[in-house]
Amino acid sequence: MKLTAAVIGCGNISKFHFSGLEKTGAKIKWVCDLRKESAKPWMEKFNAKYTDDFMDIMNDPEVNVVNITSFSSIHKDMCLAAIDAGKSVICEKTLTTNAEDSYEIVKKAEKAGTIFYTSYMKRFLPAVEKGKEILPSIGKILSTSIRAFQPWGDMWSGNPKEGACHTPPGGKSVLVKNLGGGVLVCGGSHILDLVCHFLGRPSSLYAYMAIPKDRDYDLQAAALMETENGPVHYETLMHSLDKIGYLRDGWDETIEITGTKGRINVYCPFWDKVDIKGSLMVHCGSANGTATEYRFAPVSPFDRAIAFFCENISKGKQGTQSRLTGYDVDELISCITKSAKSKKALEIKWKI
Ligand SMILES: NC(=O)c1ccc[n+]([C@@H]2O[C@H](COP(=O)([O-])OP(=O)(O)OC[C@H]3O[C@@H](n4cnc5c(N)ncnc54)[C@H](O)[C@@H]3O)[C@@H](O)[C@H]2O)c1
């Protein structure tokens, strides 16, 4: 099937989606943004139609793929309308800003048989793919440590005076209004997706979060989770160190999985420098006592994710990635938030 796509939301992240869609050969028929000036470059590049009303897209029978890159806080209406209109959906993460809305979307998509993806693109980093391939060789999994420590500048010494991270007294920061939270939602969500991807859904957790009194968002979140594949030590953090991480660029996002027969370490690069920073996977096997490094050239995980989604869509099948991944992460975010607030361990009650 020939793909005709529409992109809703032409802000920062959209360039990666336009690039991915263009490489698949999909026709980009519509671009949608409330701000025409954001849509204009893409309108011109793809000779696409412009609208500020996403329902124009839903009402166009030629469109078969809706690619949503607007704020997470407004994904719900767009996803539900696209499912109703019989379109396939690629939606940026996080799917919504709460587990209930995400559940409603994926339940509807499951019922309708919609081909539906939440685009957690880190699954498509070559180091993550290699780690997943090698995982069975490390035997029974005993322990996992996973962290996303991200350089956000000096966030700990006080409420920023301006910008998306400024919390006005009695009001909401742009971060919370548009995206739904701080580092747990923005950075930590990706590695929650990787927890599910590598180890399966956790069954319980106990969490900690640091939310300064003058802010409406978290600067740090940590959790101990229980999975069928052993305990997971999870942490995400905004920090101001610009030389940490495997590339010494401040980006310190790693997964370490230790098994009875070996260990894998996956190192993820700076999320938006995909054209210049490669990922790394190290495998230590106990059989021959060697460590093997897999250093991958920079490659866009967005392009690879969108190629995978579009290939499945053109064949009319969901493929190996479930419709539920966006809900899974939003349920974990909700449980981490609840556990940290109540200072109690929680059993995770998966709704679907
Ligand atoms: N995968 C990643 O690593 C990653 C990184 C950053 C952002 N994101 C996600 O991407 C999404 C967008 O983030 P961003 O940084 O590009 O934000 P952004 O603010 O730069 O862009 C969002 C765009 O959506 C438009 N928009 C808002 N309401 C709209 C509406 N009703 N109809 C049409 N357009 C509308 C805005 O005008 C804006 O241009 C969010 O869900 C965010 O969580 C993912």
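Me: Is Arg248 buried or exposed?
Reply: This is a predicted model. Arg248 sits in the loop between strand E10 (230-239) and strand E11 (252-259). The cut-off for exposed is over 50% relative accessible area. Arg248 has 55%, so the residue counts as exposed.

Me: What is the phi of Arg248?
Reply: Most residues other than glycine have a negative phi. Arg248 is not a glycine, yet its phi is positive. The value is about 55°.

Me: Which loop holds Lys343, and is Lys343 buried or exposed?
Reply: Lys343 is a residue other than glycine with a positive phi, near 55°. Its place is in the loop between H10 and strand E15 (346-347). Relative accessibility is 63%, so Lys343 counts as exposed.

Me: Which residues of helix H1 are buried?
Reply: Helix H1 covers residues 14-24. Buried means under 20% relative accessible area. The residues of H1 in that class are Ser14, Phe16, His17, Phe18, Gly20 and Leu21.

Me: Which residue just after H1 takes a positive phi?
Reply: H1 spans residues 14-24. Just after the helix, phi is about 85°. The residue is Gly25.

Me: At what angle do H1 and helix H9 pack, and what is that arrangement called?
Reply: H9 covers residues 301-315, and its axis lies 8 Å from that of H1. The crossing of the two is right-handed. The packing angle is about 50°. That makes H1 oblique to H9.

Me: Which residues in H9 meet H1?
Reply: On the H1 side, the contact uses Phe16, His17, Ser19, Gly20, Leu21, Lys23 and Thr24. The residues of this contact divide into 6 nonpolar, 4 polar and 2 charged. In H9 the partners are Phe302, Asp303, Ile306, Ala307 and Cys310.

Me: How are H1 and helix H2 oriented to each other?
Reply: H2 covers residues 36-46. The axes of H1 and H2 come within 12 Å and cross at roughly 10°. The crossing is right-handed. Angles under 35 degrees count as roughly parallel, so H1 and H2 are roughly parallel to each other.

Me: How many charged residues does the contact of H1 with H2 have?
Reply: Ser14, Lys15, Phe18 and Glu22 in H1 meet Trp42, Lys45 and Phe46 in H2. By class, there are 3 nonpolar residues and 1 polar. The charged count is 3.

Me: What is the relative accessibility of Lys40?
Reply: Lys40 lies in helix H2. Its C-alpha is separated by 40 Å from that of Met281, 241 residues apart along the chain. Lys40 counts as partly exposed, because its relative accessibility is 42%.

Me: Is Leu3 buried or exposed?
Reply: Leu3 is found in the segment before strand E1 (4-8). Beyond four places in sequence, Leu3 touches Ala26, Lys27, Asn64, Val65, Cys310, Ile313 and Ser314. Relative accessibility is 7%, so Leu3 counts as buried.

Me: Which residues does Thr292 touch, not counting those up to four places away in sequence?
Reply: Thr292 lies in strand E14 (residues 291-295). At 31% relative accessibility, Thr292 counts as partly exposed. Its contacts are Met281, Val282 and His283.

Me: At what angle do the axes of helix H8 and helix H10 cross?
Reply: H8 covers residues 183-199 and H10 covers residues 325-342. The crossing is right-handed. Their contact divides into 8 nonpolar, 3 polar and 2 charged residues. The axes come within 9 Å and cross at roughly 115°.

Me: How far apart do the C-alpha centres of domain 1 and domain 2 lie?
Reply: Domain 1 is 4-119 + 303-320, and domain 2 is 123-299 + 331-347. The contact takes 13 residues from domain 1 and 19 residues from domain 2. The C-alpha centres lie apart by 26 Å.

Methods. Residues are numbered from 1 along each chain as its sequence is written. This is a predicted model: local features need pLDDT of at least 70, side-chain atom pairs count only at pLDDT 80 or more; totals for chains, interfaces and linings use all residues. Side-chain values use heavy atoms; hydrogens and water are left out. Buried means under 20% relative accessible area, exposed over 50%, partly exposed in between (1.4 Å probe, protein chains only). Helices (H or I, at least four residues) and strands (E, at least two) are DSSP runs, numbered from the N terminus. Axes are lines fitted to C-alpha atoms, for helices over the stretch in contact, and angles run from 0 to 180 degrees between N-to-C directions. Angles under 35 degrees count as roughly parallel, over 145 as roughly antiparallel, 65 to 115 as roughly perpendicular and the rest as oblique. A crossing is left-handed if the near helix is turned anticlockwise from the far one by less than a right angle, and right-handed if clockwise. Contact means heavy atoms within 4.5 Å. Ala, Val, Leu, Ile, Met, Phe, Trp, Tyr, Cys and Pro count as nonpolar, Asp, Glu, Lys and Arg as charged, and the others, Gly among them, as polar. Domain bounds come from an automatic or database domain assignment.
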